[in-house]
Amino acid sequence: MSLTVLNEVMIQGLIYSLVALGMYITQRVIRVDDLACEGAFASGGAVFATAVSMGFFPPVAIPLALFAGIGIGALSCFLHCKLNVPMLIAGLAVTCGLFSLNLGMAGANLSLPHGSIGLFGLTLHLTPALPLIVLCGFSLLGVHWLLTTEIGLLLRAAGDNPNLLYALGKRHEHYKMVGLMIANGFSALSGALFIWYLGFFSITGSIGTLLVGLASLTLASFWPKSILFGIPIGCILYQLIFALTIEMGVSPIWNNLLKASILVLLIYAQNGARREVATCST
Amino acid sequence: MKSMVYILVVVSLALGLVSSIKWLTTNTLPSVEIGILQTASHPALDQVRAGFVETMQKELPSIVFTTHNAEGSMSQARTAANQFHSKPNIKLIFTIGTLASQAALQADSSKPIVYAAVSDPKMLPTHDAKVLGVSDQIDMAKQVELIKKLLPNIRKVGVILNPSEPNSLTQSSAAKHLLGEAKIGYSEHAVYNASDLSMVARQAFQNNDLVLCPTDNTIAANMALIGRMALQERKALLMSHTPIEPGALWAMGVDYRLHGTDAARLALQQISANDSGSSPQNMGPGTANSGTSKPSVIVSKSTASALGLDISSVPSLDARWVD
């Protein structure tokens, strides 16, 4: 496997690690199954591609995508908490509806203007990885710091022990909303970076983001110290597995079966690890 | 500790699986290797690949292909394109479909690229590398001309398309413009996936005098259903790709196998230019060469008689008749 491909794997892994970071917040902190992150990823890309082709400077378009993601998180929480739609269905409905919005906004396929191609304006091979590492590092540290603050404590309580929030006189919906907004914001940011990196937007391109994020997060949870810091490693490992299958020339017919099997195996292995911890502690 | 064992088992199983498949398919080092990147599994795109592979093998028997199919995923297309670019023995990259072509053009490249089945080559990014390709854009003006000439009583035309396919959108907006000029009503009927199709198609047939299908992957994959419905509703159905499906009145468009053959000719041209040391010709995107697979009209006799139409007497109709 050549250096170019490894670099490719690292960059894609780092970009997807922001999705996995968002899923960490929804799955492990506030403990809801948020399917809207796939829609947020696509919309982040669509907003970014539209803004750039309208003449926005790409670094300005990135925050626009981020805000779109935050809005999407707020919307799915509104559906869940105010309209009492079950969380899974709220996520599905949001993703489904966003497909039309993205199509209306960016069209089926949109190439970025020639001048704005290349992540962070860098087209040389290794260079986009460096600002990306900095960005992912700051995001991870930011989430890590947030979870140690009072808000972070209440966020964790919203997932682990909602009764604590009631006891403190806080509404746990508010904290769910904060969690979903952060998570979808990260997804949209990741989608925008991905489009910037690829140089074009395609409406079907974001299908399967959910699975990538989930499997990467599960891989990350094997990291001994903290899941949070295992996320980039997990994402890069996951991308590496796929680059290997392409390298080996495995027929892409089996790709989705492979993805599904890896996810199941990982979760099985993770449960095995938990069982072991449980037996050790007793 | 045990978790590490689990992870090792998982990774080594995956590696073992891929390497055993690799071992089974290993070949000796070839003289010319071509990387084929296909956008998705689809009958028309598979036909392009088959036509390309067939022609290349006829001309260069020792040729070897590495095929990858992105199955619609941008991320996979990008990784595969980079893989092709980084392998020294791959001399040329052949891309089928818009998404694959965009991914290959966006990845850093010094290798020549030949593309096929791109409806609107203007959509491809501008590029300095040696890019050459064939477009499957159909001649909508000719299609509208034929409608006016052969079916002068048509007042309303419905177009069935999947709005998430860029090629369909390009063609439907051309159709809208041309039909507007010809004072014929136009309506769009959107199908997002095959499960919507039968309801949408029924509605399209009932509300229009004629249904036109652009070169749309979702529609093409379900053409048999639309053809049957056209016969039930006794309405004219026009297709934009050949061979003609039972139930369609005429098909005017690209034969995808020939389309692949055309692309193969361009690829051979690039390879021989590379070998002789002269710099291959760079046509750049937007200047696709449509080659010999230019739109041909195929009319179905049985559908015409089922609709009670007598169009065989129309003079100057340059068409091939089938039963």
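Trainee: What share of the contacts in chain B with a separation of 6 or more comes from residues 24 or more positions apart?

Mentor: The share is 66%, where contact means heavy atoms within 4.5 Å. This is a predicted model, in which local features need pLDDT of at least 70 and side-chain atom pairs count only at pLDDT 80 or more, while totals for chains, interfaces and linings use all residues. Residues are numbered from 1 along each chain as its sequence is written, chains are lettered from A and ligands numbered from 1 in the order in which they are written, and side-chain values use heavy atoms, with hydrogens and water left out.

Trainee: How many residues of chain B are in contact with chain A, and how much area is buried between them?

Mentor: On the chain B side there are 41 residues, in contact with 50 residues of chain A. The buried area is about 4,000 Å², and carbon and sulfur atoms give 65% of that. Buried area here is the accessible area (1.4 Å probe) that two parts lose on being put together, summed over both.

Trainee: What makes R78(B) and E8(A) a salt bridge?

Mentor: The definition asks for a side-chain nitrogen of Lys or Arg within 4 Å of a carboxyl oxygen of Asp or Glu. In R78(B) and E8(A) the closest N and O atoms are 3.3 Å apart, so the pair qualifies. R78(B) lies in helix 3 of chain B and E8(A) in helix 1 of chain A, so the pair joins two chains. Both R78(B) and E8(A) are buried.

Trainee: Why is S17(A) called buried?

Mentor: Buried means under 20% relative accessible area, exposed over 50%, and partly exposed in between (1.4 Å probe, protein chains only). S17(A) has 4% relative accessibility, so it counts as buried. S17(A) is found in helix 1 (residues 3-29) of chain A; helices (H or I, at least four residues) and strands (E, at least two) are DSSP runs, numbered from the N terminus. Leaving aside neighbours within four places in sequence, S17(A) is in contact with C136(A), I231(A), P232(A) and C235(A).

Trainee: Why is R155(B) called exposed?

Mentor: Its relative accessibility is 51%, so R155(B) counts as exposed. R155(B) sits in the loop between helix 5 (140-150) and strand 6 (156-161) of chain B. Not counting residues up to four places away in sequence, R155(B) touches I184(B), G185(B) and D209(B).

Trainee: How do you know that strand 4 of chain B is largely enclosed?

Mentor: Six of the six residues of strand 4 (residues 113-118) are buried, so strand 4 of chain B is largely enclosed by the rest of the structure.

Trainee: What makes strand 3 and strand 4 of chain B a pair?

Mentor: Two strands pair if DSSP finds at least two bridges between them. Four bridges join strand 3 (residues 90-96) to strand 4 of chain B, so they pair, and they run parallel. I93(B) stands opposite I113(B) in strand 4. Four bridges also join strand 4 to strand 5 (residues 131-135) of chain B, again parallel, with G133(B) in strand 5 as the bridge partner of Y115(B).

Trainee: Are D262(B) and R265(B) buried, exposed or partly exposed?

Mentor: D262(B) has a relative accessible area of 5%, so it is buried, whereas R265(B), at 45%, counts as partly exposed. Their side chains meet in a salt bridge (3.3 Å, N to O).
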